[in-house]
Amino acid sequence: MTELQREIGRRRTFAIISHPDAGKTTLTEKFLLYGGAIQTAGSVKGKATAKHAVSDWMELEKQRGISITSSVMQFEYDGYCINILDTPGHQDFSEDTYRTLMAADSVVMVIDAAKGIEAQTRKLFKVCARRHIPIFTFINKLDREARDPFELLDELEKEFGIGTYPVNWPIGCGVSFKGVFDRDKREILSFSDMHKGMNKIKPTPCDITDIERMDELIGPYQRAELVDQIELLDGASFEFDLEKVRKGELSPVFFGSALMNFGIEVFLENFLKMTTPPLPRLSGEDEVSPFDEEFSAFAFKIQANMNKNHRDRITFFRICSGKFERGADYFHVQAGKPVRLSQPQQMMAEERQIINEAYAGDIIGVFDPGIYSIGDTVCSAKKKVQFEGIPTFAPEHFSMIEQKDSLKRKQFVKGVEQIAQEGAIQIFHEPNTGMERVIVGVVGVLQFEVLEYRLKNEYNVDVIRNDLPYSYIRWIKNKGIDVKKLNLTSDTKWVQDFKGNNILIFTSEWNINWALEKNEGLILEDFSKD
Ligand code: G4P
């Protein structure tokens, strides 16, 4: 095995998703703690009071005490090199969140045991399902009152249309939480207040028919309940099938408490065994193997103006094959030009570091003088490839913006265009009009504030913003169609993106159905790859 194969083979790159407050940050932090990457809990999150360790690049972000941009963290565990892609957990998440999922090989979904599936998890799940990404579920907060675990699994299966395989099973919850039963190893990992620290918890082998021993461990009432539940599970639940897990059809489920450090190790160990090293990616019809000697990567996220004085941009690339070497000459496919990736950096837990090399599966941030767009490919000049672009996701909020001072038109246009190029907003216009007024579409409303703030701070432009009542967007896929002749409701609006694609924005699904029913042959899509 070559060094390249060994390095790539031990990489695991995953995104962690959840609805706000389900415990994503706490769990991430515990992963880093177990990996020895950080020494104290409380250092990951940019909460108002906590240390701002990552991505506090904007005043706005600091003021709000939330993390707007997604971060990437790398750490080692048990011989594996793990890249965690954090997705913002706030309500007002942006398209960035979706794109981050494009760079991951698998996803860890954190669910609050008392709440089950929540709005944001649902949205993110849809994106994962579209890519058939393996999904691992961590049901968190078992130290508190929780919903019935069968009900939670049922919800996952019904709502998401995937199978679930509980790797372990909770014994009680809240004050009567006794731990989890490992279905495969047939042992109990018992929970007690003693485990709040970093101590490794030793599992207790446990024959479920040994009543005496079981009663000693969890008491007769919970023993009886557990025996029944395990019997039911063994008889009725899905069989474990690694192939299905890897195709995203079966989600292994783990129960635990991130806050109490309970169930984290079991999770990590199983997760690392079940997930794959970096997966091949498509370049046209061809698959590019991660183990290919030649370097290739695609841009999935652009973070601008981390330092206001320098107007700098960092573009994040997911390496898809080979090894990245600092200072090497590469090729930027979309520009058709040779390129050097300068100041390559990686996020190692709490710090950004300049790196000299990185491998397929890793994420690197590089200094961007404004040349990259989301979805761009950079590769070795010896073997040119071009990865599929990243789809444009459907914005759900729209606003009309124009500059207050018409003399600032140039700055306004530049600012709006640049921010759109970074992928923070999508811009549209009414047909046959120019850039005087722009319709801005965003996935989360916070992006409007970010836009206004950045236009003022970085481009010195004040804008007037009028929020529009639309919340659905559909790209018209019929080429050469005469949109004016379509039969549409009065509150449906025709707009175009700056590539000239025709788009309809709607106030309700009812109006979308109307458009489809009244215009035979009309093809509408809710995301664009053009
Ligand atoms: P998020 O990133 O998904 O938004 O969630 P985060 O980890 O910030 O957790 C949200 C809240 O839930 C935090 O409490 C956190 O301490 C708590 N929490 C996380 N995991 C568990 C768990 O396993 N059990 C229990 N009981 N609580 C958990 P907070 O009071 O909002 O914040 P903080 O003051 O503790 O930082």
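Two strands count as paired here if DSSP finds at least two bridges between them. What you have open is a predicted model.

**Whole chain.** Start zoomed out, with everything in cartoon. The chain carries 13 helices and 31 strands. Of its 530 residues, 56% are buried. Colour by surface if you like: the chain exposes about 23000 Å², and 48% of that comes from carbon and sulfur atoms. Among contacts between residues at least 6 apart in sequence, 70% link residues at least 24 apart.

**Stop one: two helices.** Select residues 211-218, helix α7, and then residues 220-236, helix α8; their axes come within 7 Å and cross at roughly 115 degrees. The crossing of α7 and α8 is right-handed. From α7 you get Ile211, Met214, Asp215 and Ile218, which meet Pro220, Gln222, Arg223, Leu226 and Val227 of α8. Sorted by type, the residues of this contact are six nonpolar, one polar and two charged.

**Stop two: a strand with two partners.** Move on to residues 472-476, strand β28. Is β28 mostly covered or mostly open? Mostly covered: four of its five residues are buried. Click Arg474 and look across to β30 for its bridge partner, Leu504.

Then bring in residues 524-525, strand β31, which pairs with β28 in the antiparallel sense over two bridges. For this pairing, pick Ile476; its bridge partner in β31 is Leu524.

Terms used: Residues numbered from 1 in each chain as written. Predicted model: local features only at pLDDT ≥ 70, side-chain atom pairs only at ≥ 80, totals over all residues. Heavy atoms only, no water. Axes fitted to C-alpha atoms, helices over the stretch in contact; angles between N-to-C directions. Left-handed = near helix turned anticlockwise from the far one by under 90°. Contact = heavy atoms within 4.5 Å. Nonpolar A, V, L, I, M, F, W, Y, C, P; charged D, E, K, R; others polar. Buried < 20%, exposed > 50% of the residue type's maximum accessible area, 1.4 Å probe, protein only. Areas by Shrake-Rupley, 256 points an atom, 1.4 Å probe, with all protein chains shown as cover.
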